[in-house]
Each structure stands twice: as structure tokens, then as C-alpha cells.
Amino acid sequence: MLKFLAKFGKLDRRIVFALLLAAILIPLLFSVKSHFYVDAATRSIYDYVDHIEPNGRPLMISFDYDPQVAAELDPMARAVLRHCFARGVKVVGLSLAPQGDAIGEGIITKVAKEYGKKNGIDYCYFGYRPGMTIIMLQMGVNVKKALPLDYYQTPYDSLPMMHNIHNYDDIALVLSLAGSTYPYSWIIFAGTKFKVKIAAGQTAVMAPDNYPFLQTGQLVGQLGGMKGGAEYEQLIVEAGYYHKSDIASKAMSAIAYSHLLIILLIILGNIGYFISKKIEQKK
Amino acid sequence: MKRQIPLIIVLTLGIFFFIQFFVPSQISTNIYQTTLQWTLVISAFAIVLAIGSLVNHHMLKIKRRKPHWWNSIVTLVALVVMALLGIFGRVKGLEPLGELYRKLFHYVQSPMDQAMFAILAFYMASAAYRAFRARSQEAALLLISGFIVMLGVIPFGSMIWSKIPDIAEWIMMVPNMAAKRGILFGVGLGMTATSLKIILGIERSWLGGGGK
């Protein structure tokens, strides 16, 4: 029996891979649903967006990420956009990461279509702007100079929605969706210098880095990884802004089971490790 | 002179923009705006340099028939095709090219990138299984806190005990944040010190030649 348990300490990695694949695929294939605890950081973004005046100052979404992390960040973007469009909150989209350009355009136009929103009137998308921190700083003084043309090459002045937007004072909230430290730069160059409210949507790996900024209030809130997206989806469905949960809620089941598997594997690995150690000591 | 002129520019502009930050006058803001435009133009040169260096690297690989040189052809073709489609796809009358660019991005590049990243999950699971062993007291502490945080983010955590998500949040908000704050404080001080050293000309490695 002890020898059998000791084997758990040295499982072949292909077995680990196969078990993980099963833990991910089975909940996805059988649409296993799960209800989860909503993080305070997610709720604060939701509450903030919920209090933005309809047809007033817009929400700015910066798609600062590449396709590698799109699985985690796309659902957040869709959920926040649905919340905004359902409430009549206008949206300004842009990207400070080169590959975020097409990602942002795809998401914003798709969600806008669901709500019958019009480009230039209900939302604007400016695509990728090179210069990162320079763009953040420039928008604090003059948004038009930082974003002279939209994604479709329409001049700033021809976009009715942008007529009253001059600098960050005219923006209700900046939400940076990123798999790296973009929100950190937004906090420094836009939040601290120009006092605009900043929120972050980050991959699960990056989210713990932002806790100091949540405590100080430099971040209004944070959506962390797939869970953040799923929580936001749950909140907008509960409030009646959208009719059904999207992909993040479904993927959360797969994540839950895969986490559980990893926890079990770690426990088994430790049992195997200590038993092997005892066997060796006896020898 | 080759080294002194850049040092003078950095010293002058460094001090000027330090003062500018605290002067909210119109003239100061206008100068700041113009400089931001200059910076954007200068940063555009970085793209030219990057593309030049990429093309050079792969052309050499193809010329010298280095191992896997055919991959370099794929890289160069992809670079040219995506760049041309991206540029001309936004020109009025050539919209189908823009559509092709979007399709190539969404249905070729994006899934490939995501697949590459997804593979990491398997390696991470295998690494966690192998590395998370309670070999010492510190490792055991790490293991326990890791367990609680993992359980806290999944629905099973609150099913086991309703307080687990709260404990996970406390771990993130208190011990994790204390450590992060310490690191950030150190990074902040380091950045300030390095910036001052560059502005004052003490740190010269950015000029090339290892700071000599």
C-alpha cells in the first residue's frame, strides 16, 4: 500500500497532461454551470459603471492586449460593453498594444450591433495608437491631438460623439484591459497626473500586482482573469442588462475543475513524497 | 562633442520638464504638447529600426542556409503580406483587403497565438505538481497559502467553507500587498535614483560604450 501511494509522488507528466485535458474538456462539453463568489474589486467597477450618467461622459476602454491573453480578457470587454450599451453609456475605444487594434475593433463592433448602437454617435473606436505613455499624457491635455483619426480614418471633428471630449475631465472612467503592466502606466501617467479614474482588467497572473493600487483607490476596481469576466457577466445578467451568461461563466467551470485537479495532484504528490522519504529512511 | 551634446540635451530637458510639471501656464502646456508630438515622431523611428533589424536577420539566415531557414521565408512573407493588407485595407475602395487582413488576424494569427499560450497551462500544472512539495517550513507556508487562494477563486472553495473566499482575499490584500508594496517602493526609489543619475550625467551607459 505504501509503495503504491509513493508512486503518486512520481506521476508521469503525460498522465498529468491527460488528466488536465479531461478536467478542462468535460465541464465545457457538458456545460457544467457554477455560481461563484463576486470579488469586491469586480463589484466596484460594476457599481462605478452603473452610476455613469447615460449619454453623459463616456467610458474609455483601452484594449492593451495581444491574442495570447484574449481568452481571458475578451469576455471582460464584452461584459463591460454590454453593461454600457444597455444603460446608454457612450464608449471610446482604443488600443495601445499593436495587436489590440483588431481585437478591439472586432469586439466593440460586435457588441454595438447587438444593441443597435452607431459608430460615431454611441461609440468611437480609434484603433492602435503608437507611443503608449505619450498618448496617455497627451490625452490629458488634448484628446483630439492624441487621436486625430478613428479606426476607419474618420477625422475627430466628424465624430459627433467626440465634440464635447477635450481631455480626461470629459471621460468618466478609463478601463485598461491588459496582460502586462499597462494599467500601471495608466495609473501613473493618466490617473495620478490628470486625476481621471482608472480601472483594470488583467490576466489572473498579473492581477495580484494591482492590489496595492486597489487599496489606495488609485484603481476604482479590477477584473482579475477569467473569474473577473465571469463575475461581471453574472452581475449584468442578475441586473437584467443581458439575457444570458457568456463564455467566461462556462469557462469558469473548466477552471474550477482544473484547479481542483491541481490541488488534488499537489496533495497526492506530497503524500507520495513523504512516504518515499520514510521508505528511504527505513532502508 | 559626440558624447557631450547628448549629455547637455538630457540635462537641459530633464531639468526643464521637471520644472514644467509644476508650472500650469499656457506657454508651459504648449511646449509640453509640442514635445509630446516630437516624442511620437522619434518613437516611430524605433519601428523602422525594428523592421530593418528583423528583415536583416532573416535575410542573412536565408542567404547562409542556416538550420530551419525556410521558417525565415514564412516570417518575411507574413510580414510583407500583413503590412500591405493593413496599410492598403484602410484606403477607400480597397476595403476587401481590409477584410482579408481582419480574417487573417482573427482566424490565423489569433488562434495560433492563443494555442501557444494555452499550452502553458499544461506545463504549469505539471510544474506545480512537481515543485509544490512541503520540503521546509517556508515551502509548507507557501503551499498552504497557495491552496487557500486557489480554493478561494473557484466555486468549490465557498462550498467547502463559506469563509475560504474571505481568507483568500485577506491573503491577497494583506500579506501579498505588503510584499508588493515593498517591491514597488524599492522600484520607485530605484527609478528616481536612475533618472537623476541619467539627468545629471552620472549614469552614461545609455550613450553606449558601457558608461566609460
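What is the handedness of the crossing of α5(B) and α7(B)? The crossing is left-handed; a crossing counts as left-handed if the near helix is turned anticlockwise from the far one by less than a right angle, and as right-handed if clockwise.

This is a predicted model, in which local features need pLDDT of at least 70, side-chain atom pairs count only at pLDDT 80 or more, and totals for chains, interfaces and linings use all residues. Residues are numbered from 1 along each chain as its sequence is written, while chains are lettered from A and ligands numbered from 1 in the order in which they are written. Helices (H or I, at least four residues) and strands (E, at least two) are DSSP runs, numbered from the N terminus.

**Domains and the contact between chains**

Chain A comprises domain 1 (2-30 + 255-282) and domain 2 (40-245), with bounds that come from an automatic or database domain assignment. Between the C-alpha centres of domain 1 of chain A and domain 2 of chain A the distance is 40 Å.

The contact between the chains takes 43 residues from chain A and 41 residues from chain B; two residues are in contact if their C-beta atoms, placed from the backbone, lie within 7 Å. On the side of chain A that touches chain B, at least two residues each come from α2 (13-29), α4 (70-87), α5 (100-114), α6 (133-141), α9 (211-216) and α11 (247-282) of chain A. The most is given by α11(A), with 11 residues. This side of chain A has 26 nonpolar, 12 polar and 5 charged residues, where Ala, Val, Leu, Ile, Met, Phe, Trp, Tyr, Cys and Pro count as nonpolar, Asp, Glu, Lys and Arg as charged, and the others, Gly among them, as polar.

**The sheet of chain A**

In chain A, 6 strands form an open sheet with parallel pairing, in the order β3-β2-β1-β4-β5-β6; two strands pair if DSSP finds at least two bridges between them. At the edges are β3 (123-128) and β6 (222-224) of chain A, each of which pairs on one side only. From one strand to the next, the twist averages 15°. Strand β5 (residues 198-202) of chain A runs parallel to β6(A) and is joined to it by 3 bridges. Q202(A) has G224(A) in β6(A) as its bridge partner. Helix α5(A) packs on the sheet, where it touches β1 (59-64), β2 (91-95) and β3 of chain A, and its direction makes about 165° with that of β3(A).

**Helix packing**

Axes are lines fitted to C-alpha atoms, for helices over the stretch in contact, and angles run from 0 to 180 degrees between N-to-C directions. Angles under 35 degrees count as roughly parallel, over 145 as roughly antiparallel, 65 to 115 as roughly perpendicular and the rest as oblique.

| Helix pair | Angle | Axis distance |
|---|---|---|
| α5(B) and α7(B) | about 120° | 8 Å apart |
| α4(A) and α10(A) | about 25° | 8 Å apart |
| α10(A) and α11(A) | roughly 135° | within 8 Å |

In chain B, α5 (residues 137-153) and α7 (residues 164-199) are therefore oblique to each other. Their contact includes S145(B), I148(B) and V149(B) of α5(B), together with I164(B), P165(B) and I167(B) of α7(B). It divides into 10 nonpolar, 2 polar and 1 charged residues.

By their angle, α4(A) and α10(A) are therefore roughly parallel to each other, and their crossing is left-handed. Among the residues that meet are E72(A), P75(A) and M76(A) in α4(A) and G225(A), M226(A) and G228(A) in α10(A). This contact of α4(A) with α10(A) has 7 nonpolar, 4 polar and 3 charged residues.

Helix α10(A) is oblique to α11(A), and the crossing of α10(A) and α11(A) is left-handed. Residues making the contact include M226(A), K227(A) and G229(A) of α10(A) and A248(A), S249(A) and A251(A) of α11(A). The contact of α10(A) with α11(A) divides into 6 nonpolar, 3 polar and 2 charged residues.
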